[in-house]
Amino acid sequence: MAHSYTPGLKVTSLATLRRERKLPLPGDVLVTEGQRVTAETIVARTQLPGNVQTVNAANLLGVLPEDVEECLTKPVGSKVENGETFAESRSFFGLFRSKVHAPVKGTIESVSKITGQVLLREEPIPVEVDAYVDGVIVEVQPKSGVTVETRGAFIQGIFGVGGETCGELHVAVAGPGEPLEDRAIDTSSRGKILVGGTYVTTSVLRKAIAQGVKAVVVGGFDDYDLRQLLGYDLGVAITGSEELGITLIVTEGFGSIPMAARTFDLLRSCEGRRVSVSGATQIRAGVQRPEIVAPLLEATTERDVKEDSTEGGLKAGDMVRVIRQPYFGKIGRVTALPPELMPLETEAKVRVLEVDFGNGSRTFLPRANVEMIES
């Protein structure tokens, strides 16, 4: 059987997923192996060193740099409150005093005898890592983090912005060909993950942010609207750290594109379920896709849902999405993978595949022009 290895998106009703949750610095792991957790469960915690504030104490006290340490009212390593006096000097037979007040709450870290400057370290910054998905802890890395395993529906998107979040999924349109409009968003949308169809505008997203919507999933989005939403041109190939107040996941591409029926139907089957989403996208080395994860309900058994599997390659019968013109965005089924090279209009010879778009006609396309919709 002809076989081709092609990049693709995962759209499946049941998959086993593992997500590593790691700390940026060594800290404390708060859960144990085998423990069941929810998406909001804090699994690890650490503290980042606070920012450093420099105080020119020698200048403020009117003393030589080498004399600053003798003027400290608290030794190096002591904690000080914001506005507290931590150094003092006297002049003219003790009649005049000069004082130095702490500009922040923190710790006296060091004193330079060369410059006369005192370094104050602000309070440590607490960092907590949550589980991100409902699941079970299958691995614990002491002082570093954990691995969470979950089983459920898994959908990858083309592009996303915004970080990780979790909420109840609600399909806000009647079908995959309808745009998400502002009338579908009200006070009942607070805390939810909304699913649209073809398109969403910046004004609708801003209303969603105002109403407390956690994430929006749609088929298409315009690059101009993206610029309006971010306030700048997205010039890097990594997203996910934007602080927008909402996460946006695009499943098909840029422009007004109906969401794939298979993707929409799978999302609709998850109506009312708690799902975890992440808009993080990386299109360079170490490709990362935005995702929606819907863990199985406790009452659901594995026999109720058939787990899909793939061999990791493209073969006849697989679904693909065209990622280049003139058929950009169309979804079809592979009917043949001819082994021989075929000439294009440019006279270049490449490997092709035959795709049926469902209208009775079949088209030959370069294999590099499609991506597989894994299931």
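How much space lies in the largest cavity? About 40 Å³ of space lies there. The model toured here is predicted, so local features need pLDDT of at least 70, side-chain atom pairs count only at pLDDT 80 or more, and totals for chains, interfaces and linings use all residues. Residues are numbered from 1 along each chain as its sequence is written, and side-chain values use heavy atoms, with hydrogens and water left out.

**Stop 1: the cavity**

Select A153, F154, I155, L169, L267, C270, V275, I292, V293 and A294, which line the largest cavity. Two elements, β13 and β20 (291–295), each give two or more residues to this lining. A cavity is a set of points, on a 1 Å grid over the protein atoms alone, where a 1.4 Å probe fits but cannot get out; lining residues have an atom within 4 Å of a point. Grid points are joined across faces, edges and corners, and the volume is the space filled by probe spheres set on the points. A search of the whole structure finds one cavity of 30 Å³ or more.

**Stop 2: an aromatic pair**

Next, select F159 and F254. The structure holds two aromatic pairs, and in this one the ring centres are 5.3 Å apart with the planes at 50°, so the pair is tilted. Rings of Phe, Tyr and Trp (its six-membered ring) pair if their centres lie within 6.5 Å; planes under 30 degrees apart count as stacked, over 60 as edge-to-face and the rest as tilted. Because F159 lies in strand β14 (residues 159–161) and F254 in strand β18 (residues 247–254), the pair ties together parts that are 95 residues apart in sequence. Helices (H or I, at least four residues) and strands (E, at least two) are DSSP runs, numbered from the N terminus. F159 counts as buried at 11% relative accessibility, whereas F254 counts as partly exposed at 39%. Buried means under 20% relative accessible area, exposed over 50%, and partly exposed in between (1.4 Å probe, protein chains only).

**Stop 3: E242**

Now select E242, in the loop between α4 (223–230) and β18. At 11% relative accessibility, E242 counts as buried. A polar atom of its side chain lies 3.0 Å from the backbone nitrogen of G162, and the side chain of E242 also reaches the backbone nitrogen of G240 at 2.9 Å. Leaving aside neighbours within four places in sequence, E242 is in contact (heavy atoms within 4.5 Å) with residues including V161, G163 and Y232.

**Stop 4: two positive phi values**

Most residues other than glycine have a negative phi. Select Y132, in the loop between β11 (125–130) and β12 (135–141); its phi is positive, about 75°, although it is not a glycine. Then select K143, in the loop between β12 and β13 (145–156), where phi is positive at about 65° although K143 is not a glycine. Which of these is buried and which is exposed? Y132 counts as buried at 4% relative accessibility, while K143 is exposed, with a relative accessible area of 56%.

**Stop 5: E347**

Finally, select E347 in the loop between β23 (342–343) and β24 (349–350). E347 counts as exposed at 70% relative accessibility. The C-alpha atoms of E347 and I155 are separated by 38 Å, and the two residues are 192 residues apart along the chain.

Conventions: On a 1 Å grid over the protein atoms alone, a cavity is a set of points where a 1.4 Å probe fits but cannot get out, and a pocket is an open set with protein on both sides within 12 Å along at least five of seven lines; lining residues have an atom within 4 Å of a point. A polar contact is a pair of N or O atoms within 3.5 Å; within protein, one must be able to donate a hydrogen and the other to accept it, and residues adjacent in sequence count only if both atoms are side-chain atoms.
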